[in-house]
Amino acid sequence: VWYHKPAINEELIQSLPNLKVVASAGVGIDHLDLKLLSSYGVKVSNTPFIVSTDTADMGMALMLASSRRLVEGHEMAVSPDTEYFPVDWLGVEVSGATLGILGMGKIGYKVAERAKAFEMKILYHNRNQRKKEEESAVGAVYCKKIDDLLQQSDFVLLAVTLTPQTHKLIGKRELELMKPTATLINISRGLIVDQDALVEALQNKVIKAAALDVTYPEPLPRDHPLLKLKNVIITPHIGSATKKTRWAMMEEMAESIEAGLAGLPIPREVL
């Protein structure tokens, strides 16, 4: 299963009576009905570890691109209408700023490791607090309440798994808690954010900007208001899109399929 295709529904499963394993690319499994698959005796695997480094890199890239207005700057630099570069065309600092990470799993923690090199103050919220030594290694401070993180952060980065509990985790109320100078970065799933509320917040300067590697749907309709806003960067869900990582993902999927067909324990099985 690559990019959620084909759709693994009951009709498809019934048409494949010998199906033994579904190997899915990436970390997220929100597109799979695990109970349905299990009821047919079908096992599931994903590739959770291999994507974390590249996705964390992407989170930092989006933060830097948004804060320093790289897309706008490129457009200005190459525009045939540009006669001079305005002196008051400014971005905002990343170094020394406060980064709030929602979801401190493998990807979130790797973002924190990178942010430490930028001398950022790191806050995080997670279902479970990290070990003290893990917090100390990156200088991260645990926020028991999401609200506390939102109110203090200059950048809020989303690295949570999509579940019924995290669906539209960031809505109108949460956006209004953020600083008007803050930027929202999403490298998890589009449905983590209420996009209508995000459009309103960006248009009304409730928050400063957004940098999104994920949206809902993907791609967005060509007339979607997010595509027209200058304070938004959108990339085409490329968090894991490097040659080395994609090759490794396919190797891991093939290993799981071979194990499943042979009746052996499946590497990286989703239980």
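This is a predicted model: local features need pLDDT of at least 70, side-chain atom pairs count only at pLDDT 80 or more; totals for chains, interfaces and linings use all residues.

Q: What volume does the second largest pocket have?

A: About 400 Å³. A pocket here is an open set of points on a 1 Å grid over the protein atoms alone, where a 1.4 Å probe fits, with protein on both sides within 12 Å along at least five of seven lines. The volume is the space filled by probe spheres set on the points, which are joined across faces, edges and corners.

Q: Which residues are closest to its centre?

A: Glu 72, Ala 209, Lys 230, Asn 231 and Val 232, out of 22 lining residues; lining means having an atom within 4 Å of a point.

Q: And which elements supply at least two residues each?

A: α3 (52-67), α4 (70-78), β8 (209-212) and β9 (232-234). Helices (H or I, at least four residues) and strands (E, at least two) are DSSP runs, numbered from the N terminus.

Q: How does that lining split by class?

A: It has 11 nonpolar, 4 polar and 7 charged residues. Asp, Glu, Lys and Arg count as charged, Ala, Val, Leu, Ile, Met, Phe, Trp, Tyr, Cys and Pro as nonpolar, and the others, Gly among them, as polar.

Q: Switching to cores: how many residues are in the largest nonpolar one?

A: 30, and Leu 184 is among those with the most contacts inside it. A nonpolar core is a set of buried (under 20% relative accessible area) Ala, Val, Leu, Ile, Met, Phe, Trp, Tyr and Cys residues joined through side-chain atoms within 4.5 Å.

Q: Which element gives the most to this core?

A: α9, with 5 residues.

Q: What does Leu 184 touch?

A: Its contacts (heavy atoms within 4.5 Å) include Val 156, Leu 198 and Ala 209, leaving out residues up to four places away in sequence.

Q: Is Arg 127 buried or exposed?

A: Exposed (over 50%), with a relative accessible area of 79%. Arg 127 sits in the loop between β4 (121-125) and α6 (132-138).

Q: What does UniProt list for residues 60-239?

A: An unreviewed entry there gives "domain: D-isomer specific 2-hydroxyacid dehydrogenase NAD-binding"; such annotations may be inferred rather than shown by experiment. Over that range the chain is 32% helix and 16% strand.

Note on methods
Residues are numbered from 1 along each chain as its sequence is written. Side-chain values use heavy atoms; hydrogens and water are left out. Buried means under 20% relative accessible area, exposed over 50%, partly exposed in between (1.4 Å probe, protein chains only).
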